[in-house]
Amino acid sequence: MTWDFSTDDAYQEQLDWVQRFVRDEVEPLDLVLGHPCNVRDPRRNALVRPLQGQVRARKLWACHLGPELGGQGYGQVKLALLNELLGRSQYGPTVFGCQAPDSGNAEILAHYGTPEQKRRWLQPLLDNEIVSCFAMTEPQGGADPKVFTTRAVRDGDDWVISGQKWFASHARFAEFLIVMAVTDPDASPYKTMSMFIVPTSTPGLEIIRDSGFPTEKVATHGYLNFDGVRVPADHMLGGRGDAFVVAQVRLGGGRIHHAMRTIGEARRALDMMCERVISRRTQGERLADKQMVQEKLADSWIELEQFRLLVLRTAWLIDKHKDYKKVRKDIAAVKSAMPKVLHDIASRALLLHGSLGISEEMPFAHLVMQSFHVGLADGPVEVHKATLAKQMLRDYQPSETLFPAYHLPTRREQAIEKFRAALENIDHAI
Ligand SMILES: Cc1cc2nc3c(=O)[nH]c(=O)nc-3n(C[C@H](O)[C@H](O)[C@H](O)COP(=O)(O)OP(=O)(O)OC[C@H]3O[C@@H](n4cnc5c(N)ncnc54)[C@H](O)[C@@H]3O)c2cc1C
């Protein structure tokens with residue numbers, strides 16, 4: 001038996017430190033600072049940099065990366081236990097050097113970047129001196145990359161990019177974008193696009209506006225226009241036509257890390273739910289004493305623990321196989337389950353806090369919106385459910401005789417045949 005749900009003592013000690021540190025030092029940042037990715041904000045840097053120093057000193061900086069990049073090379077199970085604590089605070093990932101989309105962008109730079117690209121972009125990104133943006137979605141569609149039209153055309157030693165991108169998070173704060181553009185429109189569908197590193201200071205690149213969703217403090221999802229944006233040929237990231245392959249490297253890890261942090265968000269809502277129901281009295285008793293309230297607590301706990309187990313099991317499978325392709329089904333399941341768990345727990349917490357719960361003084365309305373965020377970003381739930389179903393059927397071993405062989409009369413006949421001799425012997429004996 002190798003199943004084991006325990007955490008080794010040394011790592012548990014680290015997690016205990018993280019839990020205290022996030023509660024006492026990091027969560028308060030959410031209340032006084034603007035966006036965590038605004039590295040040009042001196043107030044943000046004055047408060048965040050010393051905390052990042054403490055995290056480095058504890059050897060907990062950028063734990064998703066291997067030691068060669070300054071991380072710890074922790075496997076996904078350890079990351080899951082860490083990230084679920086960081087997810088409680090908007091600033092958690094930034095203070096620990098694992099904020100999206102920089103974490104995924106760093107992974108693909110490390111994997112596919114040339115030595116010069118790594119020197120220029122990767123190290124400052126890993127040190128959080130700069131931040132980055134991943135620009136894939138276009139105004140006419142995100143879920144289906146085959147509708148993307150942003151073109152990159154070769155012109156001498158340069159590539160010239162024209163088109164539009166939509167919902168490119170943190171573009172305004174970014175030093176560079178990683179852009180997917182069509183380079184080979186006549187190639188087979190998944191070989192049409194290439195990836196480019198585009199410095200945000202490049203002429204011809206314009207942020208038309210920043211979009212956001214209603215509960216976000218700062219709108220940071222850039223609507224971008226590329227009007228003949230010229231980058232040298234050596235700014236291509238990965239091979240020509242390889243954008244989909246490169247993107248998968250960042251999306252596999254990105255999706256499961258998002259799920260780990262979502263556990264933290266949901267747990268925070270559940271903790272606040274508990275606090276509320278034992279402290280609020282109505283009709284002469286605590287909210288906690290009412291059965292319909294107890295049901296809300298119980299459902300929330302069960303849903304969160306079920307989801308957490310799914311995430312941890314998937315993390316364990318990634319560690320085991322070390323190949324995201326082998327856990328596509330499991331990651332799709334995590335991605336599909338995540339929005340509903342966060343939505344339902346945050347909604348119950350909101351309701352149990354009454355008018356206070358719906359107000360901007362509590363995080364619940366934002367968490368409900370976050371559930372839609374996690375249901376859309378990195379691909380909508382419907383697409384992941386379709387992937388899950390297809391993978392299930394691919395793995396399914398059909399019986400030799402397909403339907404209607406499992407009709408009750410057929411199965412009964414088969415069972416009678418199977419036990420005929422034994423039953424006849426018994427019948428003779430009695
Ligand atoms: C908070 C947030 C941050 C984001 N950050 C980034 C970023 O940094 N970079 C980036 O490139 N993109 C980003 N995105 C965009 C995200 O990747 C897209 O929203 C997503 O891929 C869906 O694309 P779309 O919004 O164009 O919706 P559409 O593709 O138009 O889909 C709309 C809806 O149609 C339904 N649908 C779509 N396809 C199917 C299908 N096959 N089967 C059944 N139903 C379907 C789903 O309900 C889906 O929500 C972000 C999105 C959000 C919400």
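The structure is a predicted model, in which local features require a pLDDT of at least 70 and side-chain atom pairs count only at pLDDT 80 or more, while totals for chains, interfaces and linings use all residues. Residues are numbered from 1 along each chain as its sequence is written.

The C-alpha atoms of the chain fill a box of roughly 95 × 65 × 40 Å along the principal axes. The chain contains 14 helices and ten strands; helices (H or I, at least four residues) and strands (E, at least two) are DSSP runs numbered from the N terminus. Of the 430 residues, 40% count as buried. A residue is termed buried if 20 or more other C-beta atoms lie within 10 Å of its own, exposed if 12 or fewer do, and partly exposed in between, with C-beta atoms placed from the backbone. Two residues are in contact if their C-beta atoms, placed in this way, lie within 7 Å. Among contacts with a separation of 6 or more, 71% join residues 24 or more positions apart.

Four domains are assigned to the chain: domain 1 (9-99), domain 2 (132-237), domain 3 (248-395) and domain 4 (400-430). These bounds come from an automatic or database domain assignment. The centres of domain 1 and domain 2, taken over C-alpha atoms, are separated by 29 Å. Six residues of domain 1 are in contact with five residues of domain 2. On the side of domain 1 that touches domain 2, two residues are nonpolar, three polar and one charged. In this classification, Ala, Val, Leu, Ile, Met, Phe, Trp, Tyr, Cys and Pro count as nonpolar, Asp, Glu, Lys and Arg as charged, and the others, Gly among them, as polar.

Helix 4 (residues 76-86) is mostly covered, since eleven of its eleven residues are buried. Its cover includes helix 1 (9-26), helix 5 (92-95), helix 8 (243-279) and helix 9 (291-321).

The largest nonpolar core has 102 residues, and Ala 135, Leu 177, Phe 196 and Val 198 have the most contacts inside it. Such a core is a set of buried Ala, Val, Leu, Ile, Met, Phe, Trp, Tyr and Cys residues joined through C-beta atoms within 7 Å. Beyond its neighbours within four places in sequence, Val 198 is in contact with several residues, including Ile 161, Phe 176, Leu 177 and Val 179. Both faces of strand 1 are covered: Ser 132 and Phe 134 are buried on one side, as are Cys 133 and Ala 135 on the other. Strand 1 pairs with strand 4 (residues 176-182) in the parallel sense over four bridges, where pairing requires that DSSP find at least two bridges. Within this pair, Ala 135 stands opposite Val 179 of strand 4.

Around the ligand there are 21 residues, of which Met 136, Gly 142, Ala 143, Ser 169 and Glu 382 come nearest; a residue is near a molecule or strand if its C-beta atom, placed from the backbone, lies within 6 Å of it. Strand 1 (132-135), strand 3 (158-169), helix 12 (364-376) and helix 13 (381-395) each give two or more residues to this shell. The shell has twelve nonpolar, seven polar and two charged residues. The ligand lies between domain 2 (132-237) and domain 3 (248-395), because both give residues to the shell.
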